[in-house]
Amino acid sequence: MNINFTLISQALAFSVFIWFTVKFVWPPLLRAIEERQKTIADGLAAGERGRHELELASQRSSEVLKEAKQRASEIILQAEKRATEIVEEAKRAAKDEGDRIVAGAKADIAHEMFSAKESLRQHAAQLALAGAEKILRREIDAKAHADILSAIEEDLK
Amino acid sequence: MASGTELTPTSYIDHHLTYLTTKVSEGSFGVLHVDTLITSLILGVISFGFIWLIVRKATPGVPSKSQAFIELAVEFIDNEVKNTFHGNRHVLVAPLALTVFVWVLMMNAMDILPIDIMAWVTENVFGMHNWKIVPTTDVNTTFALALSIWFLMIFFNLKVKGVGGWMHELFCTPFGKNPLLWILNLLFNFIEYVSKPLSHSLRLFGNIYAGEIIFLLLGMWAATGVSGTIFGSILGAGWAIFHILIVTLQAFIFMMLTVVYISMAHESH
């Protein structure tokens, strides 16, 4: 155990190594480590944010889905209502149309009947007149009874 | 080993404990242990150069395996410093702790290299008859480290507390402000300031030196023949494995004490 000049030289070497580490070794490594830590922290924060946003989005989407379902059922309900309305309307219109056709037909029939009756009546009057004429031609003077004949003709009209 | 003269246990151990010296000036203090200095310098340059080469290309992205290894060590040390030192540790304390840990660990680790093989290599390859391969078995190394840290401690005491604040601390702690206690306080602090570098350096020196002596003693089994050599080798292997723990632990303790001493200099009572 002899203390000598080696002590001084070792202390000098030590201080040089300390200086070297302080100056050249520590700062770049610390920078790299701290930068990486920051990157990792940012990444974790971003992940957390993304997770939160996903949660919100899924919440929103379920809300939207619910609303859409509700809207759809409303629309279906309205459509059904409208459909029954249309059917009812169509039924009513058809009934009206039918009634009108029937009424028209009835009027036609009545008209036809009237004109048939008229012509029948005329025919019958002519027949009767012709019959009477034939009978009378044999029995009476046409001229003497002309006023009676014309009165009958007048009646038959 | 290969000293040319007769090999006795004493000469064997003596040989392994002899430094390669050179005289730089007169007196016993003018001696320089060339082996200690060169070995520690080579170790420091290799380890800090290696770290620097990797750190220079350090990327904040995905680190390479070597960068991850350096970061592992640095973050381990940084955590220890963070728990002890409550200031801006990146200015000096944390890099200082890294320097101390890496350098002391490397110097201690030389103890694990087989002592006689290394002696053969230094003698026959480099032509150095005496070459102590473990710088921390030289008390000059451990004192140099401990005293440098001691001066840093004094420096930070003065810088943080000022001369008055430090004097107040020397006279008024740990027992109290009473003027009757001033002398006792000063004496107590004096003992503390003397014992800090002594215990700091001698703990490291003692552990590594003792480890080396045990390797030497185990190495002497080789003198008893083949079975003795085998027995000695087995014991030596066991001691080397155990020594991995001591080497790391002593480097860690030395670093922790460094951090604690400098933290204490920053904190006023």
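## Chain B and its contacts

In this predicted model, helices α6(B) and α7(B) are roughly antiparallel to each other, because the angle at which they pack, about 155°, falls in the range over 145 degrees that counts as roughly antiparallel. The axes of these two helices, of which α7 of chain B spans residues 182-219, lie 8 Å apart, and their crossing is right-handed. On the α6(B) side, the residues that meet α7(B) include B:Val139, B:Thr142, B:Phe143 and B:Trp150, together with B:Leu170, B:Phe171 and B:Cys172. The α7(B) side contributes, among others, B:Trp182, B:Asn185, B:Lys196, B:Pro197 and B:Phe205. Sorted by class, the contact of α6(B) with α7(B) has 14 nonpolar, 5 polar and 1 charged residues.

The loop between α6 and α7 of chain B holds B:Pro174, and the peptide bond that joins B:Thr173 to B:Pro174 is cis, with omega at about 0°. As background to that detail, most peptide bonds are trans.

Turning to the chain as a whole, the secondary structure of chain B comes to 8 helices and 2 strands, and from the N terminus on the elements run α-β-β-α-α-α-α-α-α-α. The C-alpha atoms of chain B fill a box of roughly 70 × 55 × 40 Å along the principal axes, and 33% of its 269 residues count as buried. Where contacts in chain B link residues at least 6 apart in sequence, 65% of these contacts join residues at least 24 apart.

The contact between the two chains draws 40 residues from chain B and 29 residues from chain A. Several elements of chain B, listed with their residue ranges in the table, each supply at least two residues of the side that touches chain A.

| Element of chain B | Residue range |
|---|---|
| β2 | residues 31-33 |
| α2 | residues 34-56 |
| α3 | residues 65-84 |
| α4 | residues 93-109 |
| α6 | residues 139-172 |

Within the side of chain B that touches chain A, α2(B) gives the most, with 10 residues, and by class the residues of this side divide into 25 nonpolar, 12 polar and 3 charged.

Conventions: Residues numbered from 1 in each chain as written. Chains lettered and ligands numbered in written order. Predicted model: local features only at pLDDT ≥ 70, side-chain atom pairs only at ≥ 80, totals over all residues. Contact = placed C-beta atoms within 7 Å. Helix = DSSP H or I, 4+ residues; strand = E, 2+ residues; numbered from the N terminus. Nonpolar A, V, L, I, M, F, W, Y, C, P; charged D, E, K, R; others polar. Axes fitted to C-alpha atoms, helices over the stretch in contact; angles between N-to-C directions. Parallel < 35°, antiparallel > 145°, perpendicular 65-115°, else oblique. Left-handed = near helix turned anticlockwise from the far one by under 90°. Buried ≥ 20, exposed ≤ 12 C-beta atoms within 10 Å, placed from the backbone.
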